[in-house]
Structures are given as structure tokens and as C-alpha cells.
Amino acid sequence: MIICPKCGGSSTEVNTQKPRQAAYIWRSRTCKDCGKTFSTREYTLEDLGKLINEDSNLVADQVNDIIEDLSELISNHEKH
Ligand SMILES: [Zn+2]
């Protein structure tokens, strides 16, 4: 379940689902409770496995994206 980062509500609406060459599904969501718009990326273990097996600049970019996400999660966690 996706939780709103602003109010913590669980009623979110998916606005778009962009088909793209990426190892994750990107979605824009709007919170039905407070109206906050935010985006999510969803990774599957299968796709992450493909990233490890493939070798290209595109894949390297996506791995960097994932590392950035993880860094952000860690820094947000440390603030609490
Ligand atoms: Zn909200």
C-alpha cells in the first residue's frame, strides 16, 4: 500500500503510468485526503536481477537512480 508522504493517508489515486525503457514502473499519485501529488517507483526483483546481468550505459544510469533513491531513504531515516 502506498502512504501519502504528507498526511499519511492511504487513499491515493494513480494519475499516469508511463511506459518506458526502465527497470522500474514510475507512477504519479495524488492523495485523495490532502491533494498532495507525489511519484513512486516500483521495482521488481526480476528487473533488478536483469540490471545486474546486463551491461550498458542505460542500465548504469538506472542503477545510479536506484542508488540515489536508497541514499535519500537513508538520509530521510537519519533525520527522524
Ligand atoms: Zn495526503
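**A tour from the β2–β3 hairpin**

Start with the hairpin that β2 and β3 form, five residues lying between the two strands; select G35 in its turn, where phi is positive at about 85°. Helices (H or I, at least four residues) and strands (E, at least two) are DSSP runs, numbered from the N terminus. This is a predicted model, in which local features need pLDDT of at least 70 and side-chain atom pairs count only at pLDDT 80 or more, while totals for chains, interfaces and linings use all residues. Residues are numbered from 1 along each chain as its sequence is written.

Next, select β3, residues 37-43: this strand runs antiparallel to β2 and is joined to β2 by seven bridges (strands pair if DSSP finds at least two bridges between them).

Now pick Y24, a residue of strand β2. Opposite Y24 stands Y43 in β3. Show R41, E42, Y43 and D47, the contacts of Y24 once neighbours within four places in sequence are left aside (contact: C-beta atoms, placed from the backbone, within 7 Å). Then select I66, which is 42 residues from Y24 along the chain, with 9.5 Å between their C-alpha atoms.

Finally, colour the chain by pLDDT, the predictor's confidence in each residue from 0 to 100. Confidence is highest in β2 (residues 24-31), at a mean of 85, and lowest in helix α1 (residues 45-53), at 75. Zoom out to see the element order from the N terminus, β-β-β-α-α.

Definitions and conventions. Two residues are in contact if their C-beta atoms, placed from the backbone, lie within 7 Å.
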